[in-house]
Each structure stands twice: as structure tokens, then as C-alpha cells.
Amino acid sequence: MTADVTDLMKKLVSLCKRRGYVFQSGEIYGGLQSSWDYGPLGVELKKNIETSWWNFMVSTRPDVVGMDSAIITHPDVWKASGHLKNFHDPMVDCLKCKGRFRQDHVEGDSCPNCGGKLTEPRDFGLMFKTQMGALEDDSATVYLRPETCQSIFVNFKNIVTATRQKLPFGIAQTGKAFRNEITARNFVFRSREFEQMEMEFFCIPEEAEKWFEYWLNERMQWYSELGIKSDNIRTRKHDDSELAHYASSCLDIEYTFPFATGGWGELEGIANRTDFDLKAHIEESGQDLSYLDQINNKKIVPFVIETSGGIGRTMLAVLLDAYREEEIEGRERIVLGLHRNLAPIKAAVLPLSKKLSENALEVFNLIRPHFPVQFDETGSIGKRYRRMDEAGTPFCITYDFDSLEDKSVTIRERDSLDQIRIPVETLVETLKNLMDSGWPAAK
Ligand code: GAP
């Protein structure tokens with residue numbers, strides 16, 4: 001990692017802690033490696049990303065329905081899906097420096113770090129196992145899901161029966177997934193507990209490639225609506241050697257994560273999973289999970305186009321994309337230029353002096369039912385603006401001594417630093433317009 005890259009990540013991780021976006025889990029006990037807790041602003045940003053995904057993928061569409069499945073899953077699900085067989089890597093450990101490496105990433109039997117001797121390869125299971133009930137034998141073994149999509153396949157028949165959806169249609173869910181990653185690192189990019197946003201779109205086999213293209217375009221559109229700069233995002237098709245065991249074609253949406261090898265890291269995968277999963281569950285369970293095509297009056301096992309992204313990775317991309325340092329009138333400021341729809345706090349009410357706090361609180365209470373808003377009366381006005389810039393708050397509302405007379409306040413926009421003065425009685429409406437359409441183009 002170059003100094004610049006380390007520097008940027010260090011600065012971002014530090015800002016995330018300072019402003020309450022992300023904390024190291026169990027920090028007071030020395031921290032649990034690669035485990036992260038989301039603070040007051042982090043949880044809002046995460047929810048805003050998830051809600052935006054859900055609106056885009058489910059709520060606004062007649063052809064996608066949602067579900068929310070259990071995290072602890074039946075072991076046979078993972079037998080059928082191929083995870084028990086395929087979801088592990090042979091690893092070698094260095095006897096000298098204790099480094100751990102994937103066997104296929106090292107040449108020969110000496111450590112790539114220190115030249116020390118390596119152990120024989122050992123299988124490293126990537127699924128978290130636990131026991132259900134009081135018995136601690138193999139029959140009680142269950143798994144924390146390593147991906148959310150398998151529960152969608154397992155519930156396919158239930159959902160078709162309950163909703164009467166006709167092909168083509170999708171089933172979506174968001175939620176936690178767990179992988180005992182060997183090298184979890186790079187902040188929330190690769191952790192052992194993370195959240196996925198997955199959608200499985202069922203269609204007739206002949207139309208699978210058409211839907212693959214369609215969903216790729218939709219997903220790119222969503223990232224663009226989050227405000228991610230187009231130069232920082234791209235697509236990359238997998239070559240055959242990279243394909244997962246279930247996919248006939250796969251494409252990654254990648255972001256310019258500063259630590260990524262080659263400059264680009266995966267944000268989301270779009271895959272043609274064919275009929276692999278449904279067929280595997282039909283075989284393992286002995287249940288009929290086929291779909292009755294009423295037009296041709298025949299049973300088929302649909303093909304599936306999957307879109308599978310991570311909330312943590314999207315959040316990291318959004319934060320990196322929004323982070324900037326600049327000098328304004330000889331003073332440095334750090335800004336999170338978050339899209340207003342994602343910003344955890346939409347507006348802050350700042351009385352110019354503590355003497356004005358009582359009146360400014362009335363303004364705060366006026367806005368509070370409509371938007372996540374903060375009230376901040378401590379420190380100089382400049383310091384309070386800087387705090388809000390770092391938190392990514394798009395609008396600051398200043399209540400000054402003139403406000404007592406003219407019953408007006410000043411709205412300052414985070415990026416342009418433009419200001420407008422408006423009557424308090426139109427403030428909520430003005431903010432609603434700003435949230436809908438953004439700041440008016442430069443005057
Ligand atoms: N159902 C397909 C599937 O799970 P994946 O490429 O293994 O595919 C999909 O995971 C997405 O989940 C990734 O693009 C990434 O955004 C997120 N993801 C996977 N492993 C992760 C980890 N260890 N930490 C954070 N996010 C992860």
C-alpha cells in the first residue's frame with residue numbers, strides 16, 4: 001500500500017470514529033479483529049443505503065417481492081448449495097513468522113514473507129458453525145448463513161404459491177451473512193460479519209442473458225443515483241477460471257478502493273446462476289420446486305439472474321467518494337460531500353450565540369418531525385460548521401440576532417457555501433424542496 005493510500009484510509013477511519021460512523025468492535029478490550037460497530041451516524045447511513053436499495057429494487061417494482069429469512073439455517077441447505085463441499089480453502093502457515101496464506105497463492109514450501117518453512121496445507125472452513133439445542137454432537141450442527149440468497153431458493157415454491165407471481169419475477173432480501181474469512185481486512189471491506197443486499201430474478205432460460213444485461217444496467221443506475229462518481233466505478237467480466245461453481249457468467253461492479261490490488265475492488269456481483277440452485281435443492285430435498293408455465297402448460301425449472309452487493313462495501317465506497325479536504329479562505333476543512341438522500345443528518349440548527357438558543361430551539365422543533373436534524377450550540381460558529389461538514393450534513397441553519405426581528409434564518413449549503421435567507425414560516429417547505437431537487441444552481 002502506498003503512503004497516500006494508507007493515509008487516506010487512516011484519515012477516513014479516524015473521521016468515522018470521530019464523528020460516530022464506525023467503531024472497532026470491543027475496542028475497550030483491545031478490539032476484535034475485523035469486527036465493526038456502527039455508531040449513531042453510521043447506522044443512519046447504512047439504513048439510508050438499504051432503504052434506497054429496497055425502494056429501487058422492491059417497493060417501486062411490481063415484479064420483485066421481498067423476504068427476510070433466518071440467519072441460522074438447516075445444514076442440508078449448505079449441502080445442496082455446494083458450500084459444505086466447496087466453501088473452504090487449503091491454507092498453509094509459516095512456522096517462523098506465523099503468517100497464513102492460501103496454498104494456491106504461494107510457490108514452493110517457503111514463506112513469501114520471511115522464507116520460513118510452511119506447514120502442510122489444512123482446510124479452512126469459511127462457514128461459521130454452531131450448535132442448536134442442548135446436545136453438542138454432529139446432529140445438532142447448524143450454520144450461520146454465508147450468503148442470504150439460499151433462503152430465497154429454498155422458499156421459491158412458498159413465495160410462488162403465496163404471491164401468484166408469474167415469470168419473470170424477482171425475490172429480494174437484505175441481511176447479515178457470516179464468513180470466517182482468512183484474511184479479513186481493509187476496514188469494513190472484508191469482515192467476517194457483513195450485510196448483503198441480494199435479489200434473485202427468475203426467468204425462462206432463453207431470456208436469462210437478456211435479463212442479465214437489464215439488471216446490470218439497473219444496478220449501475222442505482223450506484224449513480226447514490227452520487228458515486230462515474231470515473232470511480234466500472235464493470236469487469238469474470239474469466240472462466242474465476243467463475244463460482246454455480247455461475248455460467250458473472251460480472252463484477254467494481255469501485256476504485258484505494259487499497260485494492262490493481263486499483264479496483266468488488267462492490268457487487270451480477271451472475272447468471274442458471275438453474276443450478278433450484279435443481280440442487282430439488283435433488284437434496286426431494287421436493288418439487290419447479291414452476292408451472294401456464295401458457296405452455298409445462299413444468300420448468302427457471303434460470304436465475306442474481307444481483308449481490310454488500311451494504312458495508314457500498315458504505316465504504318460512498319464515504320471514500322465523498323471525502324475531500326479543501327482550503328477555504330486560508331482555512332482547511334474536511335468535507336463529506338454525501339448525497340443529500342444518504343446524509344445521516346439533513347440539517348443542523350445553529351444559534352449564533354447561546355443567548356439565542358431558546359428561539360433557535362423553536363426552529364429546531366419545527367423541523368424535527370420532518371427530517372433528521374441536529375441542534376448544536378457549543379463552540380464557535382466556524383467550528384460548528386466544520387463539525388457538520390465532516391458529518392456530511394448538507395444544510396446548516398443559522399439563527400442570528402436579526403432573526404429575532406425579521407423572523408428569518410440563513411441556510412448555508414455544505415458544498416458551494418452559498419447562503420440564502422428565508423422566513424422561518426417557509427423553512428420546512430424550503431427544506432423539503434431542497435431535499436427533493438438539491439441546491440439551486442449557482443446564483
Ligand atoms: N450470493 C452470491 C454471493 O454471496 P459474493 O461475491 O460472495 O456473492 C456478494 O458476495 C457481495 O457481498 C460482495 O460483492 C460484497 O459486496 C459482499 N461481501 C462478500 N464477502 C464480504 C465480506 N467478507 N465482507 C464484506 N462484504 C462482503
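Phe-187 sits in the loop between E10 (169–178) and strand E11 (193–203), where helices (H or I, at least four residues) and strands (E, at least two) are DSSP runs numbered from the N terminus. Although Phe-187 is not a glycine, its phi is positive, at about 60°. A further backbone feature is found at Pro-168, in the loop between helix H6 (156–163) and strand E10: the peptide bond from Leu-167 to Pro-168 is cis, with omega near -5°. The model is a predicted one, in which local features need pLDDT of at least 70 and side-chain atom pairs count only at pLDDT 80 or more, while totals for chains, interfaces and linings use all residues. Residues are numbered from 1 along each chain as its sequence is written, and side-chain values use heavy atoms, with hydrogens and water left out.

By an automatic or database domain assignment, the protein chain is divided into domain 1 (3–74 + 144–319) and domain 2 (345–442). Their C-alpha centres lie 37 Å apart. The contact (heavy atoms within 4.5 Å) takes 6 residues from domain 1 and 5 residues from domain 2. Between them, the two domains bury about 490 Å², 45% of it on carbon and sulfur atoms; buried area is the accessible area (1.4 Å probe) that two parts lose on being put together, summed over both.

Salt bridges (a side-chain nitrogen of Lys or Arg within 4 Å of a carboxyl oxygen of Asp or Glu) number 2 between domain 1 and domain 2. Glu-390 and Arg-19 meet through their side chains in a salt bridge of 2.9 Å, N to O. Over the whole structure, the search finds 33 salt bridges. Arg-61 pairs in this way with Glu-218, the closest N and O atoms being 3.5 Å apart. Because Arg-61 lies in the loop between H2 and strand E3 (64–66) and Glu-218 in helix H7, the pair ties together parts that are 157 residues apart in sequence.

Helices H2 (40–59) and H7 (208–225) also each supply at least two residues of the lining of the second largest pocket. A pocket here is an open set of points on a 1 Å grid over the protein atoms alone, where a 1.4 Å probe fits, with protein on both sides within 12 Å along at least five of seven lines; lining residues have an atom within 4 Å of a point. The second largest pocket has a volume of about 320 Å³, the volume being the space filled by probe spheres set on the points, which are joined across faces, edges and corners. Of its 16 lining residues, Asn-48, Ser-52, Asn-55, Asn-341 and Leu-342 are the closest to the centre. H2 gives the largest share of the lining, 6 residues.
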